[in-house]
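Please look over the sequence and the structure shown here before reading the briefing that follows.

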Amino acid sequence: MQRRDFLALSIASGFAVAGVTGCSQQQPLAFGIHPWIGYEPLYLARDFGWLPGSVVLKSGTSSKDSVDGLLSGELGGAALTLDETIRVLSRGLELVVVAVADVSAGADMLVVRPSINGLADLRGQRIAVEVNGVSGILLLKILEVAGLSRDDIVIVDLAISQHPEAWARGDIDAAVCYEPTASALQRAGGVRLFDSSDIPETIFDVLVVTRTTADTNPEAVRDLVEAHFAGLQHLVRSQHDAVYRVASRQGVDPVDVRNALATVMLPDLSANQRYRAAFGRVETVARSLSRLMLSEGMISNQPSLQRLCDTAFLPRRSS
């Protein structure tokens, strides 16, 4: 699964790049990452030399590469959605959320045929969705709001990239997706009926490390988090330059990057502290999601979330 594209900024003043140096006697932290706008600050940090040698980015094509790397022990951390984090936790690997990269604020959406006027009209419709991805979680939330169950619709489990072809063939009536697929469906006559802004602060992209990495190589984890905020600082202070760098790296038009930026929030240091505090929003949503995923058979057991977040790795201050 390839993660969505760029989104609305919620960033305060930047962070001192001078603090992004660091060294470690440990093996470098191998960190899994894949295309998604919320993860771009780390790529920017690498491009500018703000990512120390204590951290090595391992690029994959999708979050599956990162999940597989974590489970095999090849990676010490990765950029994942919160539900993906829960899936890994349910398989017995303890993870720690060390930063919130972004919060979906419209990036994930339901696009429908014009004949579907409301959520109640979804009954009996064929809905394309990547069941085991973040889109599967959004669909469950949509059904919850609509007062429908999975039995009330026809689920078409399909990779996001295949939605436009299925739409063109007339095989589906709606799709739960994200950019650039969402725009392609809308150009083909689709209508946005629901998106993640209707369920605010629910879909999180996070930076996680294994508990073992957090305990044995904390300096590398701090270097990772500080590099993220340094890249975020450049994105905010030099957005024009950053947008073109992102567009070039992803092979998309700069307009697409700017459009994507309008559908996410990129939390600053204070927002990260608030989101990841004990009993904060990340913990609250994680508990809700894990119960929902368990009841829907998306995970086989309820993972422990007692030590999910750790704010010890956040920079002490902004500048």
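Two strands are said to pair if DSSP finds at least two bridges between them, and the elements named below are DSSP runs numbered from the N terminus, with helices (H or I) of at least four residues and strands (E) of at least two. This is a predicted model, in which local features need a pLDDT of at least 70 and side-chain atom pairs count only at pLDDT 80 or more, while totals for chains, interfaces and linings use all residues. Residues are numbered from 1 along each chain as its sequence is written, and side-chain values use heavy atoms, with hydrogens and water left out.

**Confidence**

- The pLDDT, which is the predictor's confidence in each residue on a scale from 0 to 100, averages 89 over the chain, and 91% of the residues score at least 70.
- Over residues 1-24 the pLDDT is below 50, although this stretch has 114 contacts in the model beyond near neighbours in sequence, a contact being heavy atoms within 4.5 Å.
- Where pLDDT is low, the predicted coordinates should not be read in detail.

**The sheet of five strands**

- Five strands form an open sheet in the order E7-E6-E8-E5-E9, and the pairing in this sheet is mixed.
- At the edges stand E7 and strand E9 (191-195), each of which pairs on one side only.
- Neighbouring strands of this sheet are turned against each other by 25° on average, direction ignored.
- Strand E6 (residues 126-129) and strand E7 (residues 154-157) run parallel and are joined by four bridges; Arg126 has Val154 in E7 as its bridge partner, and Val129 has Asp157.
- Helix H4 (residues 134-146) makes a right-handed β-α-β unit together with E6 and E7, where right-handed means that, with the strands pointing away from the viewer, the path from the first strand over the helix to the second runs clockwise.

**The sheet of six strands**

- Another open sheet, also with mixed pairing, is formed by six strands in the order E2-E1-E3-E10-E4-E11.
- Strand E2 (55-59) and strand E11 (264-265) stand at its edges with a single partner strand each, so one side of each is left without a neighbour in the sheet.
- Strand E4 (residues 95-104) pairs with E11 in the antiparallel sense over two bridges, and Ser104 stands opposite Val264 in E11.

**Helix packing**

- H4 and helix H12 (residues 281-295) pack at an angle of about 85° with their axes 11 Å apart, the axes being lines fitted to C-alpha atoms, for helices over the stretch in contact, and angles running from 0 to 180 degrees between N-to-C directions.
- That angle makes H4 roughly perpendicular to H12, a term that covers 65 to 115 degrees, whereas under 35 counts as roughly parallel, over 145 as roughly antiparallel and the rest as oblique.
- Ile137, Leu140 and Lys141 of H4 make this contact with Ser288, Leu289, Leu292 and Met293 of H12.
- The axes of helix H8 (residues 218-237) and helix H9 (residues 239-250) come within 5 Å and cross at roughly 115°, which makes H8 roughly perpendicular to H9.
- On the H8 side the contact is made by His234, Leu235, Val236 and Arg237, and on the H9 side by Gln239, Asp241, Ala242 and Arg245.
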